[in-house]
Amino acid sequence: MKTLIIKRKTADFTWDSIPEIELEYMKWTEWTDIRTWVRICYDDEAMYLRFAAKESEIRAVFTGPADPPCLDSCFEFFFSPILGDNRYMNFEFNPNTCVHIGYGAPEHDRVRLILHSVKDRLDPVVEYTDEGWTLTYKVPFEFINMFFFDFEPTPGLEFRGNFYKCGDKTPHRHYLAWNPVTSEGPNFHRPQDFGKLIFE
């Protein structure tokens, strides 16, 4: 199991000050040259994430609140805020900031959450680069606490999570992960495969 220390956001914060990790684990498809990195930090209000992909052929079709962004080029963050609790949240974004937010236990005991305003709540920003695209957004703690009442983001807190990049219907289908996934077929809904996350 991999471990990631999540740094605290400082007054002079820049994304360059946050360690970058690569989603090195690739499975279930032929090799592609798609590469993905993520940075994550936190403060008293939220976790902040910045994904970056080297992806020459980007698919961005879906825009609706109930659409499946995972069929497009997609960045995903799954996490279980409470150790020993099998429930988790997942945030999946395509380049149109179409988002799927899921909550519950693995597989069938899950619900999709539809936000009144994704912009106001998560503040997603997508930028296209010469080599691909980036996504920046936040996950407010008050939103997490709506579902996990005992979650307290304090220094030293340990929880579980994983970062993914996928594209089920992209020109080069791909599945990338930070912590290895052990299922035989494509399946990111596996808390047993989450890595260890610790607030600095």
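Two strands are taken to pair if DSSP finds at least two bridges between them. Strands (E, at least two residues) and helices (H or I, at least four) are DSSP runs, numbered from the N terminus. The model described here is predicted, so local features need pLDDT of at least 70 and side-chain atom pairs count only at pLDDT 80 or more, while totals for chains, interfaces and linings use all residues. Residues are numbered from 1 along each chain as its sequence is written, and side-chain values use heavy atoms, with hydrogens and water left out.

Strand 6 (residues 74-80) pairs with strand 7 in the antiparallel sense over 5 bridges. Within this pairing, the bridge partner of Phe77 in strand 7 is Phe91. Strand 7 is also joined to strand 8, by 6 antiparallel bridges, and Asn90 stands opposite Gly102 of strand 8. Strand 8 in turn runs antiparallel to strand 9 (residues 110-113), with 4 bridges between them; here Tyr103 has Val111 as its bridge partner in strand 9.

In a regular strand the side chains alternate between the two faces of the sheet.

Thr97, which is not a glycine, has a positive phi of about 55° and is found in the loop between strand 7 (88-93) and strand 8 (99-104). The hairpin of these two strands has 5 residues between them. Thr97 is partly exposed, with a relative accessible area of 26%. In the hairpin of strand 8 and strand 9, also with 5 residues between the strands, Glu107 takes a positive phi near 60°. Asp123, again not a glycine, has a positive phi of about 50°; Asp123 lies in the loop between helix 1 (118-122) and strand 10 (125-128) and is partly exposed, at a relative accessible area of 32%.

A nonpolar core is a set of buried Ala, Val, Leu, Ile, Met, Phe, Trp, Tyr and Cys residues joined through side-chain atoms within 4.5 Å. The largest such core has 40 residues, of which Met47, Phe77, Met89 and Phe163 touch the most other members. Apart from this core lies another, of 11 residues, among them Trp28, Phe78, Tyr164 and Ala177. Contact is defined as heavy atoms within 4.5 Å. Leaving aside neighbours within four places in sequence, the contacts of Phe77 include Ile40, Leu49, Phe51, Tyr137 and Leu197.

Gly167, in strand 12 (residues 158-167), is buried, with a relative accessible area of 0%.

The largest pocket has a volume of about 160 Å³. On a 1 Å grid over the protein atoms alone, a pocket is an open set of points where a 1.4 Å probe fits, with protein on both sides within 12 Å along at least five of seven lines; lining residues have an atom within 4 Å of a point. Grid points are joined across faces, edges and corners, and the volume is the space filled by probe spheres set on the points. Among the lining residues are Cys70, Glu76, Phe78, Glu92, Cys166 and His189.

Definitions and conventions: Buried < 20%, exposed > 50% of the residue type's maximum accessible area, 1.4 Å probe, protein only.
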